[in-house]
Each structure stands twice: as C-alpha cells, then as structure tokens.
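Please look over the sequence and the model before turning to the points below.

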Amino acid sequence: MSHYPALRLRRTRASSWSRRMHAETVLTPADLIWPLFVTDGNREEPIGSLPGVSRWSVADVAKRAKEAAGLGIPCVALFPNTPAQLRTDDGREALNPDNLMCRAIRAIKDAAPGIGVLTDVALDPYTAHGHDGLVDAGGYVLNDTTAAILAQQALVQAEAGADIVAPSDMMDGRVGMIRQALEGAGHFNVQIMTYAAKYASAFYGPFRDAVGSRGLLKGDKKTYQMDPANAEEAMREVALDLAEGADSVMVKPGLPYLDIISRVKREFEVPVFAYQVSGEYAMIEAAAAAGAGERDALVMETLMAFKRAGCTGVLTYHAPLAAKLLRA
Ligand code: PBG
C-alpha cells in the first residue's frame with residue numbers, strides 16, 4: 001500500500017470531469033417518488049407547516065402526476081385528506097370504492113397512464129381518533145381486526161388501479177393478509193412496498209397537518225411504530241414482511257435512519273426505499289429560509305446520501321425540484 005506523496009487522493013478530485021468520472025453513486029429522476037396530498041375541495045390548499053407543498057383537488061392531482069411523468073419521475077404516492085364528516089371510529093370510508101383516494105387513482109390513470117401510482121394503506125386519514133387502526137375501549141390499537149380491514153382497503157385501491165400498495169400502519173401480519181387478498185382477486189402484479197421499519201418519530205408533524213389527523217390524534221403511536229433505539233428489531237420486521245410477500249421494503253424516516261437502510265441492503269439484498277418525511281422536508285426549507293444553507297444543494301446532498309446508503313429510491317416532497325435540477 002503506497003502512501004503520500006505517491007498517493008494523493010486529491011488528484012482525482014482536482015477537476016470537474018474527473019470528479020464526475022469517479023463518482024461512485026448516481027442520482028436520476030427515476031430514483032424519485034413524489035408524495036401528493038388530495039383534498040375534496042376544488043382549489044389548491046397550501047399546507048402551512050410544509051411550505052411549498054399543497055393539497056390538490058382530484059383534477060389537479062392528475063395534473064401534478066402528468067407533470068411528474070414529464071420530469072421523468074416514475075411514480076407518485078397518494079395521501080387523502082378525508083372530509084371531517086366522513087371520519088369515523090372504524091374508518092369505514094377507507095373501504096368506499098368511491099373515496100377520495102380511489103377517485104384520485106382513476107383520475108391519474110386517465111391523465112398519465114404511464115406513471116406508477118403508489119397508495120397508502122392505513123386508517124389514519126379515515127379515523128376520528130387519528131390512529132392507523134381500530135382502537136379498543138382502553139385505547140389500544142387492535143392488530144388482527146385492523147390487519148383484516150387493511151387487506152380489504154388494499155383490495156379496494158387495487159380495483160381502482162393502484163400499482164403499488166404501501167401499508168404504513170405497522171400491524172403484525174398485514175403484508176401476508178394483503179398479499180392473500182390481492183392474489184385471491186387476481187391482482188397478481190400489484191406490488192406491495194411495505195413500510196417495514198417505520199419508527200415512532202417526531203418528524204411526522206407536518207404530514208399529520210396535511211392529512212388532517214394531527215388535531216384528532218389521541219396519544220402517540222408507540223405501541224405499533226418502532227422505538228428509535230432499535231436496529232435488530234428492524235431486521236426482524238424486514239425479514240417477516242419479505243416472507244409474507246412484500247416486493248420492496250421501506251425505512252422511515254430517512255436521514256436519521258441511514259444506518260438501518262444500509263444494514264437492510266447489506267443483509268437482505270432487496271429493493272430498499274426511504275421516506276424523507278415531512279419533518280425532514282420542513283427542516284431543509286427552514287434552513288434555506290433562515291439563510292443557513294442553500295436549498296438546491298441541501299436537497300441534492302441528502303438525496304445522494306440515500307443512494308450512497310443503498311436506496312433503490314426515495315419518497316420526497318422535493319421530487320419535482322430534484323428532477324428539474326437533474327435535468328438542467
Ligand atoms: C400514517 C403515515 C404517516 C406518514 C405516512 N403515513 C404519519 C404517521 O405515522 O403518523 C408520515 C409521512 C411524512 O411525515 O411525510 N399512516
């Protein structure tokens with residue numbers, strides 16, 4: 001092994017062409033999934049805690065999907081803000097084949113048939129208490145009854161045209177139940193991207209504003225989402241979801257959990273996605289607004305970090321900005 005001055009690692013960094021030639025990781029628009037919020041209203045609703053992000057009507061969300069396709073973004077992720085009067089303790093609106101989610105799926109399939117549509121499987125946008133599942137008298141979120149409903153919810157979304165169903169609820173056994181429901185109904189090619197390692201995080205606040213569950217949520221989600229202290233447990237979650245029929249796995253939040261992403265990639269060699277969540281987006285926007293950093297550079301550096309850690313792709317609210325920067 002030679003060393004200085006025979007070896008100078010700065011040599012390959014000395015010019016732009018050489019840095020490009022030696023880059024170990026590349027980021028392209030195909031690495032991006034754009035999360036979109038849908039409202040029953042008919043105009044754009046900006047979200048205060050997510051500056052630059054809005055809820056869109058069904059017609060407008062289809063326009064955003066078309067825009068995404070034009071930017072080379074392969075897939076959009078949908079989250080509904082269910083009207084307050086349709087939220088119930090059992091979240092039954094989740095199973096309505098004409099709910100906001102299903103109408104948005106159909107509108108996008110109409111307007112931009114070439115783009116992938118990923119749907120959220122969980123009850124929190126539909127429940128009056130803001131939890132991802134049914135709650136018993138003591139406030140405990142019930143696993144098995146919830147998982148059975150989630151399987152039906154996934155089926156309703158698949159019938160509406162969803163390409164990827166993404167359970168974000170963290171109930172045990174739900175991936176297997178969803179897979180069985182999809183196979184049983186002939187949806188052989190509908191993918192499951194499971195939120196396999198989803199942590200009980202303080203970074204979800206703005207998202208809960210966006211789907212309207214923040215003020216409703218009773219307590220926290222620590223009895224189902226993971227403890228940020230744990231990594232071994234994340235490997236067990238991933239192993240189970242893969243065994244139950246997941247096509248790809250997700251780690252969430254993103255940047256604070258790069259160690260988990262990298263470990264999942266190394267141990268399982270399967271497609272791993274990260275969700276750069278709302279609080280992460282808001283932090284970058286706040287830093288840019290405060291003059292503490294430059295938005296474009298912060299965004300591109302964080303997205304590259306996900307790729308370097310082993311991600312196949314990233315869900316990010318900055319997807320259209322990043323895609324534009326990558327095309328420039
Ligand atoms: C809930 C869900 C959450 C997010 C996606 N699905 C929040 C939560 O678990 O309370 C967070 C996404 C984000 O913060 O951007 N099913």
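The structure is a predicted model. It holds 17 salt bridges, and its helix contacts include a crossing of α9 with α10 at roughly 150° and a crossing of α7 with α8 at roughly 50°.

**Helix packing**

- Two packed helices are described by the angle between their axes and the distance between those axes.
- Helix α9 spans residues 278-289 and helix α10 spans residues 295-309; their axes come within 9 Å and cross at roughly 150°.
- An angle over 145 degrees counts as roughly antiparallel, and α9 and α10 are therefore roughly antiparallel to each other.
- The crossing of α9 past α10 is right-handed.
- On the α9 side the contact is made by E280, I284, E285, A287 and A288, and on the α10 side by R295, L298, V299, T302 and F306.
- By class, this contact of α9 with α10 comprises six nonpolar residues, one polar residue and three charged residues.
- The axes of α7 and helix α8 (residues 258-268) come within 10 Å, with a crossing angle of roughly 50°.
- Helices α7 and α8 are therefore oblique to each other, and their crossing is right-handed.
- E232, A234, M235, V238, A239 and L242 of α7 meet I260, R263, V264, E267 and F268 of α8.
- The contact of α7 with α8 has eight nonpolar, no polar and three charged residues.

**Salt bridges**

- K307 and D31 form a salt bridge through their side chains, at 3.0 Å from N to O.
- K307 belongs to helix α10 and D31 to the loop between α1 (16-22) and β1 (32-39), so the pair ties together parts that are 276 residues apart in sequence.
- Both K307 and D31 are buried.
- The side chains of D247 and R179 also meet in a salt bridge, at 2.6 Å from N to O.
- This pair links distant parts of the chain, 68 residues apart: D247 is in the loop between α7 (232-243) and β8 (248-252), and R179 is in helix α5 (residues 174-184).
- D247 is partly exposed, with a relative accessible area of 35%, whereas R179 is buried at 13%.
- K63 forms a salt bridge with D60, in which the closest N and O atoms are 3.2 Å apart.
- K63 and D60 are three residues apart in helix α2 (residues 58-70), which means that about one helical turn separates them.
- D60 has a relative accessibility of 16% and so counts as buried.
- A network of salt bridges links D124, D132 and K221.

**Two residues in their surroundings**

- M193 is found in strand β7 (residues 191-198) and counts as buried at 1% relative accessibility.
- Not counting residues up to four places away in sequence, M193 touches I33, L118, I164, V165, A166, P167, S248, M250, F273 and L315.
- M193 and M170 are 23 residues apart in sequence, and their C-alpha atoms are 12 Å apart in space.
- L216 lies in the loop between α6 (205-211) and α7 and counts as partly exposed at 30% relative accessibility.
- Leaving aside neighbours within four places in sequence, L216 is in contact with R87, T127, A128, H129 and G130.
- L216 and I178 are 38 residues apart in sequence and 27 Å apart in space, C-alpha to C-alpha.

**Backbone geometry**

- Most residues other than glycine have a negative phi, and most peptide bonds are trans.
- The peptide bond that joins Y4 and P5 is cis, with omega about 5°; P5 lies in the segment before α1.
- The bond from K252 to P253 is also cis, with omega near -10°, and P253 is placed in the loop between β8 and α8.
- M170, which is not a glycine, has a positive phi of about 70°.
- M170 is found in the loop between β6 (164-167) and α5, where it is buried with a relative accessible area of 4%.
- E269 likewise has a positive phi, near 50°, and lies in the loop between α8 and β9 (272-276).
- E269 is exposed, with a relative accessible area of 67%.

Methods:
Residues numbered from 1 in each chain as written. Predicted model: local features only at pLDDT ≥ 70, side-chain atom pairs only at ≥ 80, totals over all residues. Heavy atoms only, no water. Axes fitted to C-alpha atoms, helices over the stretch in contact; angles between N-to-C directions. Helix = DSSP H or I, 4+ residues; strand = E, 2+ residues; numbered from the N terminus. Parallel < 35°, antiparallel > 145°, perpendicular 65-115°, else oblique. Left-handed = near helix turned anticlockwise from the far one by under 90°. Contact = heavy atoms within 4.5 Å. Nonpolar A, V, L, I, M, F, W, Y, C, P; charged D, E, K, R; others polar. Salt bridge = Lys/Arg side-chain N within 4 Å of Asp/Glu carboxyl O. Buried < 20%, exposed > 50% of the residue type's maximum accessible area, 1.4 Å probe, protein only.
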